[in-house]
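The stops below go helix by helix.

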Number of protein chains: 2
Amino acid sequence: VQRIVLLTEGFTEPGTAKTASSVLRYRRESVVAILDRTEAGRTAEELLETGGDVPVVASLDEIDSADTLVLGIAPPGGRLPESWRPIILAAISRGMNIVNGLHHFLVDDTEFVQAAEKHNVELHDLRRNNETGIAQRKGLSDKCLRIHTVGHDCSVGKMLTAIELTKGLQQRGHDSHFVATGQTGILVSGGGIPMDRVISDFVNGAAERLVLENQHHEMLIIEGQGSLVHPSYSGVTLGMLHGFFPHALIMCYEVGRKWTKGVEHVPIPPLAMIRELYETMAGVWRPCPVIGIAMNSRLVDAAAAELERERIETEFGLPVCDVVRHGPEKLIDAIVSFNSEREVND
Amino acid sequence: VQRIVLLTEGFTEPGTAKTASSVLRYRRESVVAILDRTEAGRTAEELLETGGDVPVVASLDEIDSADTLVLGIAPPGGRLPESWRPIILAAISRGMNIVNGLHHFLVDDTEFVQAAEKHNVELHDLRRNNETGIAQRKGLSDKCLRIHTVGHDCSVGKMLTAIELTKGLQQRGHDSHFVATGQTGILVSGGGIPMDRVISDFVNGAAERLVLENQHHEMLIIEGQGSLVHPSYSGVTLGMLHGFFPHALIMCYEVGRKWTKGVEHVPIPPLAMIRELYETMAGVWRPCPVIGIAMNSRLVDAAAAELERERIETEFGLPVCDVVRHGPEKLIDAIVSFNSEREVND
């Protein structure tokens, strides 16, 4: 078992430190501390809304037992904060392996490579890949249900929703499988492809490969990335939508979010329009409906969340819930019901 | 001036050898021969429908004066035909520089690198790039008109249409500029970014950068890639559409094409649906109409082309022409008219 320190120094808040949050949520038993001098003495729960009493520490000296440093942030562009370089080098010199989800690869950085060789530790770049396959739109079996979580923006809970749906379906006895498509999902599940790092010509093909390799399961719950209406990342989103060729979609959104993450001068279009865009683009060759809505009500209280839930349920005529606050049961019902009613032709 | 041999051996037909065709069309003065043992003795015009009497030769011995070998094909996946390896090595050993638009980079291939060093020649990989910018949707000036050529499929004439429109607008005195987005466009224009080789996270950003660096011109005519309804490449297409954030679109299609290139079991949706998809996806933040249709009538005779032209013009209520057969005047009229009527707010 790894003994992980999550490095989030200077970024320990739920938006940017979403890699750290998810490791705390899904691999908490492996986490010994969060490393952030600026927040030392507090707990994970206080800063990241998950992780309970996992401590925030100021120095690796306080946590001698750790063997792995996970870089816990996912900023736009995936650059390495330069202030982290000495922290990472210090971890390497203590013999810790480094797990990195940034676009900046440690194995291409001479200083890190030399240090790692000297101290005999591993550098693991989660986004590294060598995808070179073109999508063929062949061999995809309709026997395996493909559900894809999509969103109105980045960082609204598409991964978390997919994981919770997968677990909930498993608890009901279904052979459901979570398909990770980003560094955090890969880190918590141990498989998948970092789609936003794939060469653009091969994004649809990489998505298709993930289906072909996993469709021995009864159901795939496939994590989405970005958004069809995100000016910076929409290409990744559509490539995945067409490569996965899902049967149905779960649409994720954050209550109250009005401006596009990373380009905050760009308004997010109305949710009804976004639903139509997803159904239209996913439905070019055959219908692919949104069958449920996952609301992320993190920023509002329980009463406001319930009001919003009812309002959206009425407006869209679809089951709506916050998978953290309410649990995923309503969406699981929707998936099971959709699966039992659809026609399977192969 | 370069003296180019176009290598198309085994692939000398307009579909796959589109790089060769375009070099013949736009840089014919630099081309001394086509290299293809299987078609030697014929002419470029006979095989590629352009290039006049440029000869097809069986061996580099026949064209001593050549100094550059251009790999003249753009196959799906961009792999290097293994049968070409000895041909390329022979060219290198004669002191020829190699220009390569495939995904397979010569500079990453030890055998080619060693040969190039020995014979002191250059290996130029057109698709190599180091794009790492995220689109910001900032700084795009509406003073510069942005026209984007989009298509119902791959290889229907989006680049050719963009070049012909650019030239035609220049002939009418406009400061129009062709923006290349693929290896062939880059090869014939000397600038641009190979969008399908950009890391997917950065496609929208690379497109935006091309606008920001060229918007001192009055008009940009921006080459499209792939298609929103191509199962293999749609991600690239949407990333470009949102990164370029065009004011209007010219839709390109090939008369009679029914099945998607490379995935010939997948039907191409009706053109009216495709127009709507482009206008919808380009129009998320503000309207972006299709203002004209470029038909590629290569495979039908003049009478059939005219019938089709009239039919599509009536169905869509838009100007329609084949920029090769009829010239681009109708579409140029549409662009000039659109530009004079639109409101410019900055």
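Select residues 329-341 of chain B, which form helix H11. In this predicted model, the end C-alpha atoms of H11(B) are 18 Å apart; that agrees with the span of 18 Å which 13 residues should have at 1.5 Å a residue.

Now show the side chains of B:Leu331, B:Ile332, B:Ala334, B:Ile335, B:Phe338 and B:Asn339, the buried residues of H11(B). They lie on the same side of the helix, because their arc around the axis is only 155°. Turn to the other side of H11(B) to find B:Ser340 and B:Glu341, which are exposed.

Next, select residues 271-282 of chain B, helix H9. H9(B) has 12 residues and reaches 16 Å from its first C-alpha to its last, close to the 16 Å expected. Its buried residues are B:Leu271, B:Ile274, B:Leu277, B:Tyr278, B:Met281 and B:Ala282. Their arc covers only 115° around the axis, so they sit on the same side of H9(B). What do the buried residues of H9(B) pack against? Show helix H9 (271-282) of chain A, and in chain B show E7, H8, E10 and helix H10 (302-316).

Finally, keep H9(B) and select helix H8, residues 234-244 of chain B. The two axes come within 10 Å and cross at roughly 50°, and the helices are therefore oblique to each other. From H8(B), B:Thr237, B:Leu238, B:Leu241 and B:His242 meet B:Tyr278, B:Met281 and B:Ala282 of H9(B). The residues of this contact divide into five nonpolar, two polar and no charged.

Technical notes: Residues numbered from 1 in each chain as written. Chains lettered and ligands numbered in written order. Predicted model: local features only at pLDDT ≥ 70, side-chain atom pairs only at ≥ 80, totals over all residues. Heavy atoms only, no water. Helix = DSSP H or I, 4+ residues; strand = E, 2+ residues; numbered from the N terminus. Expected span 1.5 Å × (residues − 1). Buried < 20%, exposed > 50% of the residue type's maximum accessible area, 1.4 Å probe, protein only. Arc of directions from axis to C-beta. Axes fitted to C-alpha atoms, helices over the stretch in contact; angles between N-to-C directions. Parallel < 35°, antiparallel > 145°, perpendicular 65-115°, else oblique. Contact = heavy atoms within 4.5 Å. Nonpolar A, V, L, I, M, F, W, Y, C, P; charged D, E, K, R; others polar.
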